[in-house]
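This report describes selected features of one protein chain. Please consult the sequence and the structure shown below while reading.

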Amino acid sequence: MIAKKKKEEEDTTQANNTATNTMTMTTENMDTNNKEEEEEEETCAYDRTTTTTRKRHGARNQHRRKFFVKWIIEKFPDAVRQAKDDASIKKNNNNRHCRHILDIAGGKGELSARLIICHSLFVQMVDPRPANLYDCFYKNVYRSLPKKWQEKINRQDQSTMQKSTDKIQTTLDARFHQFVESFPCDGGIDEEEEDKNYGSGGGGCKIPSAVVQLQQDAELMQAVKNCTLMIGMHADGATEAIVDIALYYRKSFVVVPCCVFPNLFRHRMVPRLRRRKKVNHNNDDIDLEEEDHQTTTSEPPEEMIPVRTHEQFCQYLAMKDSHFVMETLPFEGRNVGIWWDGMKRDGDG
């Protein structure tokens, strides 16, 4: 009897030990699984982070100015040819009054540097921040050039070191000028100024206020009159002014809109696009898309809405003249361009 009772106690103790060991192992397994799941989540998060970083690493559109310049050369051959060689430069030795490309809000000057060094054009740039095109060229342009071009520049540098001159700097000095100031940036209409020769129908209309502002700066106005092409790549507040001034003076232009600034430019309005609606015809749902007054009828639109999005801004600029062209440019990012060849405009006889 005593032996039997003792055996039952040993069995109970063994069962309790087994249960304790099982619970301990289960807890350890859960901790291990949780740790593995946490590590997996951290790995996944790291992968997502690195993937996102890789997508933006190197800035997908870092070569956009390279592709933009190539597009400009192909799209505006006459403007490029006129800005390449100017006899008045050789005669007067002054690049301020030559035919040139006008780069507005050019920033650090990469676009201007490419046009000057790679395509031998005369360029004048407008930006309130002084630009060092020499540094910009070697930091942003030189590394993306073909090997043979780099070798050619290196040979020129070696040959000019003995003469204490720099070929790149000499070229920039001869072909570049910067207006360290802001370009007009108001896209409204001046109610006091009217030009009988400007506007549709030949009856004249109010002059854009950007033109009035420009006329108060004699040197900048001369630069506009002498240019063969006006460029505004992500020119922010000056974008609409570029379009208005180019249209007024019949200058070829291309702008690539970026920021809209709806609170600063409240005068911008576009017609509201009509929505698609379903019509039930013989128990069949048929999609009908209503026509847009902008492109299909001369009647006034039913409702005008403020410009608040990038798409609406591009639409607003393109509506300024029926001869403007809106085109997707060959680079990523904000790549919708509005351009005009400077020939026909609405209201011409």
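R268 counts as buried, at 2% relative accessibility; buried means under 20% relative accessible area, exposed over 50%, and partly exposed in between (1.4 Å probe, protein chains only). The model is predicted: local features need pLDDT of at least 70, side-chain atom pairs count only at pLDDT 80 or more, and totals for chains, interfaces and linings use all residues. Residues are numbered from 1 along each chain as its sequence is written, and side-chain values use heavy atoms, with hydrogens and water left out.

R268 lies in the loop between β7 (253-256) and β8. Neighbours within four places in sequence aside, R268 is in contact (heavy atoms within 4.5 Å) with E240, V260, I305, P306, V307, F313 and Y316.

R272 is placed in the loop between β8 (269-271) and β9 (276-281). R272 is partly exposed, with a relative accessible area of 42%. With neighbours within four places in sequence again left aside, R272 is in contact with E303 and I305. The C-alpha atoms of R272 and E303 are 5.9 Å apart, although 31 residues separate the two in sequence.

Both arginines make a polar contact between side chains, as tabulated. A polar contact is a pair of N or O atoms within 3.5 Å; within protein, one must be able to donate a hydrogen and the other to accept it, and residues adjacent in sequence count only if both atoms are side-chain atoms.

| Arginine | Partner | Distance |
|---|---|---|
| R268 | E240 | 2.8 Å |
| R272 | E303 | 2.9 Å |

The protein chain has 13 helices and 13 strands, taken as DSSP runs numbered from the N terminus (helices H or I, at least four residues; strands E, at least two). Of its 349 residues, 39% count as buried.

In helix α6 (residues 133-141), the residues L133, C136, F137 and V141 are buried. They lie on the same side of α6, because they cover an arc of only 105° around the axis, the arc being that of the directions from the helix axis to the C-beta atoms. At the start of α6, a side-chain oxygen of N132 reaches to within 3.2 Å of the backbone nitrogen of Y134.

E110, S112, A113, R114, I116, I117 and C118 in α5 meet L133, C136, F137, N140 and V141 in α6.
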